[in-house]
Amino acid sequence: MVERFLEADDPVLEQVLRWTVERDAADIQQLLEWLPNAANRRDQRALLARAKALMNELENAMNELNRLD
């Protein structure tokens, strides 16, 4: 990881965004691990839909982090 010389304009927001990235990535990984073992296609689609929603949230958090840099 690269260390910066200057603090972010909003260090609390940066911490929240970093936590969101870590949490969403872990949740997506768990959902994808459960996907092949889902009881039926409806459950698989629900898991996939949730993973996609988290991926959108993850992308938004990463974009916000880029704006802070």
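Q: What percentage of the 69 residues in the chain is buried?
A: The model is a predicted one. A residue counts as buried when its relative accessible area is under 20%. Of the 69 residues in the chain, the buried share is 22%.

Q: Is Thr-20 buried or exposed?
A: Thr-20 is part of helix α1. Its relative accessible area is 13%, and the cut-off for a buried residue is under 20%. Thr-20 is therefore classed as buried.

Q: Among contacts between residues at least 6 apart in sequence, what percentage joins residues at least 24 apart?
A: The secondary structure of the chain consists of two helices and zero strands. Among its contacts between residues at least 6 apart in sequence, the share joining residues at least 24 apart is 59%.

Q: Why does Leu-32 count as partly exposed?
A: Leu-32 sits in helix α1, which covers residues 11-34. Partly exposed residues fall between the buried limit of under 20% and the exposed limit of over 50%. Leu-32 counts as partly exposed because its relative accessibility is 40%.

Q: What accessible area do Leu-32, Leu-48 and Met-55 have together?
A: The chain exposes about 5800 Å², with carbon and sulfur atoms supplying 53% of it. On the surface, Leu-32, Leu-48 and Met-55 form a nonpolar patch. Together, the accessible area of these three residues is about 230 Å².

Notes: Residues are numbered from 1 along each chain as its sequence is written. This is a predicted model: local features need pLDDT of at least 70, side-chain atom pairs count only at pLDDT 80 or more; totals for chains, interfaces and linings use all residues. Side-chain values use heavy atoms; hydrogens and water are left out. Patches are made of residues with over 30% relative accessible area and no salt bridge: like charges are joined within 9 Å, nonpolar side chains (Val, Leu, Ile, Met, Phe, Trp, Tyr) within 5 Å. Accessible areas come from the Shrake-Rupley method with a 1.4 Å probe; for residues, only the protein chains shown count as cover. A salt bridge is a side-chain nitrogen of Lys or Arg within 4 Å of a carboxyl oxygen of Asp or Glu. Helices (H or I, at least four residues) and strands (E, at least two) are DSSP runs, numbered from the N terminus. Buried means under 20% relative accessible area, exposed over 50%, partly exposed in between (1.4 Å probe, protein chains only). Contact means heavy atoms within 4.5 Å.
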